[in-house]
Amino acid sequence: MSAVQQADQAAPGSVPAGGLIGHRGLGDRSFQWLALAAGLLVLLILVLIAVTTTQQASSWFTTEGLGIFGTVWDPAANKFGALPFIYGTAVTGVIALVMAVPVSVGIALLLTEVVPFRIARPIVYVVDLLAVVPSVVWGLWGILVFATWIQHIYASIGSAVNGIPVLGALFGPPTSGASFFTAGIILAFMITPIVTSLSREVIATVPTIDREGAYALGSTRWEMIRGVVWPHSQGGVVGAVLLGLGRAMGETIAAALVIGSSPTITSHLFSTGYNMPAVIANQFGESTGVWRAGLMGLGVLLFAFTIIVNVIARGIVNRSARRMRGA
Amino acid sequence: MQRVRVRGVAAAGVALAAMALSLAACSSSSTGTSSGGSSSSLSGTLNASGSTFQLPFQQAAIQAFKSVQSGMTVNYGGGGSGKGRSDLASGVVQFAGSDSPIPSDEVANFKGKTVLYFPVFLGPITMSYNLSGVKNLKLDPAVIADIFQAKIKTWNDPAIKAINPGVNLPSTPISLAVRSDSSGTTANFSLFLMTAEPSIWKLGSSSTINWPSGAHAGNGNGGVAQIVKSTPGAIGYVDYADAKASGLTFASVKNSAGNYIAPSPSSASAAGTTVTLKPDLTFAAVWSSSPQAYPITYQSWDLVYQKQSSANTAKMLKAYIGYLIGDGQKLLTSLGYAPLPSNIDSKAKAQLSKIGS
C-alpha cells in the first residue's frame with residue numbers, strides 16, 4: 001500500500017560496504033552506483049527543498065520573530081501568526097485518528113484473525129481502493145455532498161447540546177457544513193487504508209505457534225487476540241497510526257475544500273477552521289512579501305512536523321519489527 | 001524494507017522526469033521565427049498566467065485569435081494575479097494577467113525593467129443574495145460594510161429596511177458567503193468598501209480578508225455562487241459572469257452620485273469613463289464618480305515587459321495584446337464583462353508601439 005510511502009523513508013539504508021564492490025562484475029557495480037545515486041538524489045532533493053523554502057521564509061521569521069506563533073493571521077493588517085493553522089492541523093489530525101484508528105485496527109484484525117484468506121483478499125482490495133481515490137475527489141465529494149448532508153446533523157446536535165458545559169463548548173453552535181469535524185472525517189477516510197494495511201502487516205508477523213499455544217491453553221479468540229496478538233503488535237500498530245497522522249497532517253486539497261477557511265482558534269468542532277496545508281493552497285496565488293514568506297514558513301513548519309512524526313513512527317515500527325523477529 | 005527502497009528510486013525518477021518536463025516547457029516558448037518577415041504572419045508560442053478573472057475571456061480570445069494568426073499558440077494558465085506577476089518577474093511567462101497594479105513590495109522583483117500595463121476590460125462584482133420573493137433589493141456601501149462585518153445580522157434590520165421601503169424583508173439571519181482562496185475579487189471588493197466608507201469599514205483591503213467567524217467560504221467565484229445558491233439568507237460578492245451563469249439574484253448598489261445602479265456590462269463601462277488614468281495606465285474603477293456607474297466595478301491588466309528578448313516575441317505580443325484591446329473587445333459583453341471605454345482603450349492602443357526588442 002504503500003503508494004503513500006513518504007520520501008523521507010527512502011534513504012539508502014543498507015548500501016553494502018564499499019569493500020565488497022571491487023569483487024563484483026561490471027553490471028553489479030553499475031547497478032550499485034545507480035541505486036546509490038538514486039537514493040542520494042532523494043536525500044539531496046529533500047535537503048534542497050528544506051534549504052530553499054527556509055530561505056524564502058526568512059523574512060517572515062525575521063519580521064515576526066516569536067510572533068510567528070501569534071493567534072492572528074490577517075493579511076490586510078499585516079499580521080501573520082501561525083497558531084490558528086497549527087491548532088487546526090492538530091485538531092483535524094486528532095479527529096481523523098479517533099475515527100480511523102478503531103476502524104482500521106478492527107479491519108486488520110478481521111482480515112488476519114477472523115476471516116479466511118479467500119475472503120480476506122477482496123476486502124483488502126476494497127480497502128486499498130479508498131487509497132486510490134484522488135484527494136481532490138475526496139474534497140469535492142466532501143464539500144458538495146457530504147457537507148451539505150451533515151450540516152443538518154451538526155445543527156441538530158448543536159442545538160441539543162447548547163448550554164451543556166463541556167459538550168456545548170465542543171459541539172454547540174455556531175455550526176457549519178465545512179468545519180474542523182468534516183475535515184477530520186474526510187481525513188479519516190483517507191488514512192484508513194494506510195493504517196489498515198500497516199497494522200495488518202504487523203499483526204501478520206505474530207508467530208502462528210504463539211497463537212496455537214494460546215488456543216491450546218483454552219483461550220477464546222478474543223483472549224488470544226488480547227493476550228498474544230496485541231502485546232506482539234502494539235508497537236507496530238502505534239507506528240502505523242503515526243504514519244497515518246503524518247499523512248493527515250499534510251493532506252492539502254481535500255482539507256482546503258472542506259475545512260471552512262476561517263483562521264480561528266475555537267473549541268467548537270462543528271465551526272469553520274483552517275489548517276496549515278489548506279491556507280498555503282488557498283492563499284499562495286495572490287500573496288506578496290512577508291505574507292508569501294509566511295506561507296513558505298508554514299510549509300517549513302509543516303515539513304518539520306511531518307518529518308518528526310514520520311521518523312518517530314518509523315522508529316517504533318522498526319523496533320517492534322526487530323523485537324518480533326527476535327521472538 | 002526492500003520495497004520501500006525500490007520505491008525511493010521510482011520517486012526520484014518521477015521527480016527527474018517532472019523537472020525535465022518543466023524545463024522543456026520553459027524553453028519551448030518563443031522559439032518560432034517570423035516566416036513572412038512582416039507582422040502579417042507570425043509563428044511561435046506565447047505563455048501567460050495570472051488573474052483567474054481574465055481566464056474565461058482569455059480562453060475565448062485565444063480561440064478567436066486562431067483565425068487571425070493561425071501560426072501562433074497562446075497559453076493562458078490561471079493561478080491568480082500574484083502568481084502571474086511572480087511568473088513574469090522570473091521570466092517563466094511573456095505576459096501576466098493581474099487585477100491590481102504591482103504592489104510596492106514586489107517592485108524589486110522586476111529588477112528595474114519597465115513593465116507596461118495594458119488594461120483589458122472592466123467587470124462588475126455583484127452583491128448576490130438568496131431571499132425568496134425579494135427582487136430589486138437596494139444596498140448602499142454603509143449597509144454592505146456593516147453586513148460584511150456582521151454588525152447587521154438579520155435581513156429585516158432597520159438599516160436595510162430604510163433604503164428598501166415597501167419591500168417585505170424576512171427576519172432570516174444573514175449568512176455571509178466569501179472567498180476561501182486569495183483573490184483579486186476580494187481585493188477590489190474590500191477596496192470599494194474602504195474607498196466608499198473609510199470610517200465604517202475596519203477590515204482593510206487585501207486579497208484575503210479576515211471575515212467575521214461563521215462566514216461560509218467557497219473556492220473561486222463559482223464556489224461562492226454555489227454557497228449563495230444553496231443557503232437561504234446568504235449574501236456574497238460574486239463576479240457578474242459567474243452570478244449570471246448560476247442564475248443568482250443581485251442587488252442594486254448606491255454609487256457616489258447617490259443613484260442605485262444594477263450591475264451590468266454597460267454600467268461597468270460607465271464606471272471607466274471618469275476614472276483618473278495615471279501615465280502608466282493604472283487606475284481604480286471602484287467608486288467611480290460617473291452618475292451611471294455601478295460602484296463595485298473592477299478591472300484587469302495584462303503586464304508586459306517593454307523590452308523583449310527577441311523581435312519575434314515582441315511582434316507576437318503586439319499582435320495578441322493588440323487583438324485583446326481591439327477586435328477581442330467584442331467578445332466581452334456576452335461573457336459578462338464590460339469593454340474598455342474609448343478614453344482608456346485609445347491610450348492602451350497607443351502604448352502598443354512601446355513594446356520592442
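Tutor: Residues are numbered from 1 along each chain as its sequence is written, and chains are lettered from A and ligands from 1 in the order written. In this predicted model, local features need pLDDT of at least 70 and side-chain atom pairs count only at pLDDT 80 or more, while totals for chains, interfaces and linings use all residues.

Student: Why is Phe250(B) called buried?

Tutor: A residue is buried if 20 or more other C-beta atoms, placed from the backbone, lie within 10 Å of its own, exposed if 12 or fewer, and partly exposed in between. Phe250(B) has 23 C-beta neighbours inside 10 Å, and therefore counts as buried.

Student: What makes residues contacts of Phe250(B)?

Tutor: Two residues are in contact if their C-beta atoms, placed from the backbone, lie within 7 Å. Leaving aside neighbours within four places in sequence, the contacts of Phe250(B) include Met127(B) and Pro263(B).

Student: What makes a set of residues a nonpolar core?

Tutor: The members are buried Ala, Val, Leu, Ile, Met, Phe, Trp, Tyr and Cys residues joined through C-beta atoms within 7 Å. The largest such core has 95 residues, and Phe95(B) and Leu317(B) are among those that touch the most other members. Strand β4 (residues 115-129) of chain B gives the most to this core, with 9 residues; strands (E, at least two residues) and helices (H or I, at least four) are DSSP runs, numbered from the N terminus.

Student: How do you know that α10(A) bends at Trp230(A)?

Tutor: The bend is the angle between axes fitted to the seven residues ending there and the seven starting there. At Trp230(A) this angle is about 55°.
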